[in-house]
Amino acid sequence: QVQLVESGGGLMQPGGSLRLSCVASGSIFSINVMGWYRQAPGGQRDLVARIISGVSTNYADSVKGRFTISRDNAKNTVYLQMNSLKPEDTAVYYCNVQGITDWPRRSFDAWGQGTLVTVSS
């Protein structure tokens with residue numbers, strides 16, 4: 001079993017910054033992908049950013065230049081630094097981690113419970 005715990009959401013004014021964190025724990029042998037998705041009210045869950053094999057990164061066009069994803073391998077933690085926040089960034093943000101469990105060795109695809117980010121004046 002792999003568990004994800006997210007933190008860092010909240011209310012922020014437009015132009016402000018927030019940092020989300022997601023810690024993965026449990027029977028983890030290796031992690032291949034760590035990422036963040038978001039779902040606005042009435043919308044679908046979309047990719048915000050992900051980091052693959054700790055090296056390659058992908059960002060949604062809407063957040064490029066404003067958001068930065070990073071990973072701490074020793075802590076099995078992924079961060080999302082969100083700067084220059086806009087009202088349209090308001091959503092529930094979900095952490096996603098994909099990898100291999102320790103025993104038995106098999107792939108996993110885990111999701112966090114979500115953390116609400118509200119950008120409003």
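What you see is a predicted model. I'll start with the salt bridges, of which the count is four.

Why would such pairs form at all? Side chains of opposite charge can pair when their charged atoms come close.

Take Asp89 and Arg66. Their side chains form a salt bridge, with N to O at 2.8 Å. The two residues sit in distant parts of the chain, 23 residues apart. Asp89 is in the loop between β8 and β9, while Arg66 is in the loop between β6 and β7. Buried or exposed, these two, Asp89 and Arg66? Both are buried. The pair also belongs to a network of salt bridges that links Arg38, Arg66 and Asp89.

Next, Lys64 and Asp61. Their closest N and O atoms are 3.1 Å apart, and they form a salt bridge. Asp61 has a relative accessibility of 64%, over the 50% cut-off, so Asp61 counts as exposed.

Then there is Asp102 with Arg105, a salt bridge at 3.7 Å from N to O. Asp102 has a relative accessible area of 36% and is therefore partly exposed.

The peptide bond from Trp103 to Pro104 is cis, with omega near -5°. Pro104 lies in the loop between β9 and β10.

Asn76 is not a glycine, yet its phi is positive, about 50°. Asn76 sits in the loop between β7 and β8 and is partly exposed, at 23% relative accessible area. Ser84 is not a glycine either, and has a positive phi of about 50°. Ser84 is in the loop between β8 and β9, and at 40% relative accessibility Ser84 is partly exposed.

Now the fold. How many helices and strands does the protein chain have? There are zero helices and eleven strands. The radius of gyration is 14 Å, close to the 14 Å that the globule rule gives for 121 residues, so the chain is as compact as a globular protein of that length. Along the principal axes, the C-alpha atoms fill a box of roughly 50 × 25 × 25 Å.

Of contacts between residues at least 6 apart in sequence, 57% join residues at least 24 apart. Of the 121 residues, 39% count as buried. The chain exposes about 6400 Å², and carbon and sulfur atoms supply 48% of that area.

Turning to the inside, the largest nonpolar core has 29 residues. Which residues have the most contacts inside that core? They are Trp36, Leu80, Met82 and Tyr93. Leaving out residues up to four places away in sequence, Leu80 touches a list of residues including Leu18, Leu20, Trp36, Val48, Phe67, Ile69 and Tyr93.

With a relative accessible area of 11%, under the 20% cut-off, Thr115 is buried. A polar atom of the Thr115 side chain lies 3.3 Å from the backbone nitrogen of Gly9. Setting aside neighbours within four places in sequence, Thr115 is in contact with Glu6, Gly9, Leu20, Ala91, Val92 and Tyr93. Leu20 and Tyr93 are also among the residues that Leu80 touches.

That is all I have; questions are welcome.

Notes:
Residues numbered from 1 in each chain as written. Predicted model: local features only at pLDDT ≥ 70, side-chain atom pairs only at ≥ 80, totals over all residues. Heavy atoms only, no water. Buried < 20%, exposed > 50% of the residue type's maximum accessible area, 1.4 Å probe, protein only. Helix = DSSP H or I, 4+ residues; strand = E, 2+ residues; numbered from the N terminus. Polar contact = N/O pair within 3.5 Å; in protein donor to acceptor, adjacent residues only side chain to side chain. Contact = heavy atoms within 4.5 Å. Core = buried A, V, L, I, M, F, W, Y, C linked by side-chain atoms within 4.5 Å. Rg over C-alpha atoms; globule rule 2.2 N^0.38 Å. Areas by Shrake-Rupley, 256 points an atom, 1.4 Å probe, with all protein chains shown as cover.
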